[in-house]
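Q: I would like to learn how to read a few side-chain features in a model of this kind. Could you take me through them one at a time, starting with a charge placed over a ring?

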Amino acid sequence: MGSIESPRPEVVTVDIHEAKELIKSGYGYLDVRTVEEFKEGHVDAPKIFNIPYLFNTPGGMVKNPEFLEKVSSTCKKEERLIVGCRSGVRSLSAAADMLKDGFKDVRNMGGGYLAWLENRFSIKKPEDELQQVIKLKEVIDKP
């Protein structure tokens, strides 16, 4: 008989409405999409972190070998976190790995960023933020 793998901790998946409420109540938001995806736009959350779970490589998607290490150095194990990605698949695996690693309160955002967009919830884009800074500077610099 083969070795029996220890059961993975059960990941709690919340829908985006609940995720939005939890973020409002103080949960941090961990976006596990690639940096490129994150830059295209992300959930508008006061405490947001972008730590990719997978990387794009010429050979396809590869798991980030430093994922748990980076998450542990960014977030405390007791921190309440919502984990999200594009559609809810990567975040489910990421949340399971985090629970296995000792994180206490991690929830997967079902439907991911796509569902967030469908519901027209508030998002942020680094370009938007940059444009605002540029416009402000133009106003200030006018003679």
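Q: Over which ring does the charged end of K20 sit?
A: A charge sits over a ring if NZ of Lys or CZ of Arg is within 6 Å of the ring centre and within 35 degrees of the ring normal. Here the charged end of K20 sits over the ring of F121, 4.2 Å from its centre, and the charged end of R33 sits over the ring of Y113, 4.3 Å from the centre of that ring. Please keep in mind that this is a predicted model, in which local features need pLDDT of at least 70 and side-chain atom pairs count only at pLDDT 80 or more, while totals for chains, interfaces and linings use all residues. Residues are numbered from 1 along each chain as its sequence is written, and side-chain values use heavy atoms, with hydrogens and water left out.

Q: How many aromatic pairs does the structure hold?
A: A pair of aromatic rings is described by the distance of the centres and the angle of the planes. Rings of Phe, Tyr and Trp (its six-membered ring) pair if their centres lie within 6.5 Å, and planes under 30 degrees apart count as stacked, over 60 as edge-to-face and the rest as tilted. The structure holds two such pairs. In one of them, the ring centres of Y53 and F67 are 5.0 Å apart and the planes stand at 90°, so this pair is edge-to-face. It links distant parts of the chain, 14 residues apart, with Y53 in the loop between β4 (48-50) and β5 (54-57) and F67 in helix α3 (residues 67-74); helices (H or I, at least four residues) and strands (E, at least two) are DSSP runs, numbered from the N terminus. W116 and F121 form an aromatic pair that is also edge-to-face, with 5.0 Å centre to centre and 80° between the planes.

Q: Which residues have the most contacts inside the largest nonpolar core?
A: In soluble globular proteins, nonpolar side chains tend to be buried together. A nonpolar core is a set of buried Ala, Val, Leu, Ile, Met, Phe, Trp, Tyr and Cys residues joined through side-chain atoms within 4.5 Å. The largest one has 20 residues, and those with the most contacts inside it are L30, V32, F67, V83 and M98. Helix α3, strand β7 (80-84) and helix α4 each supply at least two residues of this core, and α4 gives the most, with five residues. Leaving aside its neighbours within four places in sequence, L30 is in contact (heavy atoms within 4.5 Å) with partners including F49, I51, F67, V71 and M98.

Q: What is the reach of helix α4 from its first C-alpha to its last?
A: The expected span of a helix is 1.5 Å times one less than its number of residues. Helix α4 (residues 89-100) has 12 residues and reaches 17 Å, close to the 16 Å expected. Among the buried residues of α4 are A94, A95, M98 and L99, and just after this helix G102 takes a positive phi of about 105°.

Q: How many salt bridges does a search of the whole structure find?
A: Side chains of opposite charge can pair when their charged atoms come close. A salt bridge is a side-chain nitrogen of Lys or Arg within 4 Å of a carboxyl oxygen of Asp or Glu. The search finds nine. One of them joins E18 and R107, whose closest N and O atoms are 4.0 Å apart; E18 lies in helix α1 (residues 16-24) and R107 in strand β8 (residues 105-109), 89 residues apart. The side chains of D31 and R33 meet at 2.9 Å, N to O, and both of these residues are buried. K70 forms a salt bridge with E66 at 2.7 Å between the closest N and O atoms, and K70 is partly exposed, with a relative accessible area of 38%.

Technical notes: Buried means under 20% relative accessible area, exposed over 50%, partly exposed in between (1.4 Å probe, protein chains only).
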